[in-house]
Amino acid sequence: MRIDRTQRGWGIVSLAILAISAFAYVAFAAKAPEGPRGGSVMGLLFGTTGFGFMIFAALLGARKRVPTWRLGRAQAWMRGHLWLGLLTLPMILFHGGFHFGGTLTSVLMWLLIITVASGVFGAALQHCLPNVMTTDVRLETIYDEIGHVRMLLLEEADRDVEALCGQLGLAQASKDESWRAGGFTATRSMAAAKSGTAVAAETVVLSEEERAPLRMFYLSELRPFLMHPKKRGARLSNADKSHAMFSGLQTLMPNSTHATLQDLEEICDEARQLARQERLHLWLHGWLLLHIPLSLALILLGAVHAVMALRY
């Protein structure tokens, strides 16, 4: 969810609520002989409002699980989750007079602070990372298909290298045609028609000495990278180093093989983009592993606190 002009209405209303609440708190605190207390009428009002905002923010999960519910647009729920979730913190601070109190209330306050902070962090990621992904991952594909696309890239590279170097016992037949990242599909012959790779691979005959640099590079560098692109220390994981390595390899190989080398470099680039997409996806969604459990714990303990406060 992007922080843009569509957030203006929620932002203005939230700031107005915050300003009115802050004014009411200052007026209440000035008149309270023993200072602001959570058990007072004004304190209970702030506490009820803050807890209500928590419940609304938590209901976003239920709204996502049942998208057929006719309870407003999903984007409106997301904006309400963001802004009312932010308002929860000052409301609860007003409720307790900026005192953390005993053990339970201290735990609640720290849970609330961490939950709100993680939510702000997640909102910032969701605002920034889509632009980063568009720029860095030009061939973005469906996340669940990354493993499959990566396997097909490896098979295509195996075929390219074995066409020049002879059988290395690597190529495996795939039921699919040639798939490439970004959701594009094409037969091998169609892709080759654009690059000339197939023609080059079929007509080029290399001596054992001419094959050696490509075979060594592929078995020691490129194929291990395609199999484990997230492994640290791989030189091909860096675009500049990768380009330098392929440029150096071209100087060692006959001109007739350069079309195939270009195809291998493109495969390597796609593998890097898939790995980049996985890392960005982890950042984009990983923060929820902290935010959601803390939110649930906060609501549960908040309900316990409310019952205990009203009862005793």
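This is a predicted model: local features need pLDDT of at least 70, side-chain atom pairs count only at pLDDT 80 or more; totals for chains, interfaces and linings use all residues.
Colleague: What percentage of the residues is buried?

Modeller: Buried means under 20% relative accessible area, exposed over 50%, and partly exposed in between (1.4 Å probe, protein chains only). Here 38% of the 312 residues are buried.

Colleague: Which secondary structure elements make up the chain?

Modeller: Helices are DSSP runs of H or I with at least four residues, strands are E runs of at least two, and numbering starts from the N terminus. This chain has 11 helices and 2 strands. Their order along the sequence is α-α-α-α-α-β-β-α-α-α-α-α-α.

Colleague: What share of the contacts with a separation of 6 or more joins residues 24 or more positions apart?

Modeller: Contact means heavy atoms within 4.5 Å. Such pairs account for 75% of those contacts.

Colleague: Now helix packing. How do the axes of α4 and α10 cross?

Modeller: Two packed helices are described by the angle between their axes and the distance between the axes. Axes are lines fitted to C-alpha atoms, for helices over the stretch in contact, and angles run from 0 to 180 degrees between N-to-C directions. The axes of α4 (103-136) and α10 (258-286) come within 9 Å and cross at roughly 170 degrees. Angles under 35 degrees count as roughly parallel, over 145 as roughly antiparallel, 65 to 115 as roughly perpendicular and the rest as oblique. So α4 and α10 are roughly antiparallel. Their crossing is left-handed; that is, the near helix is turned anticlockwise from the far one by less than a right angle.

Colleague: Which residues of α4 and α10 meet?

Modeller: From α4, they include Phe-121, Leu-125 and Met-133; from α10, Leu-280, Trp-283 and Leu-284 are among them. The contact of α4 with α10 divides into 8 nonpolar, 4 polar and 2 charged residues. Ala, Val, Leu, Ile, Met, Phe, Trp, Tyr, Cys and Pro count as nonpolar, Asp, Glu, Lys and Arg as charged, and the others, Gly among them, as polar.

Colleague: At what angle do α8 and α10 pack?

Modeller: The angle is about 20 degrees, with the axes 10 Å apart. That makes α8 roughly parallel to α10. The crossing is left-handed. Leu-214, Leu-222, Phe-225 and Leu-226 of α8 contact α10 residues that include Leu-261, Ile-267 and Arg-272. By class, the contact of α8 with α10 has 9 nonpolar, no polar and 1 charged residues.

Colleague: What is the phi of Phe-98?

Modeller: Most residues other than glycine have a negative phi. Phe-98 is not a glycine, yet its phi is positive, about 65 degrees. Phe-98 lies in the loop between α3 (74-95) and α4. At 46% relative accessibility, Phe-98 is partly exposed.

Definitions and conventions:
Residues are numbered from 1 along each chain as its sequence is written. Side-chain values use heavy atoms; hydrogens and water are left out.
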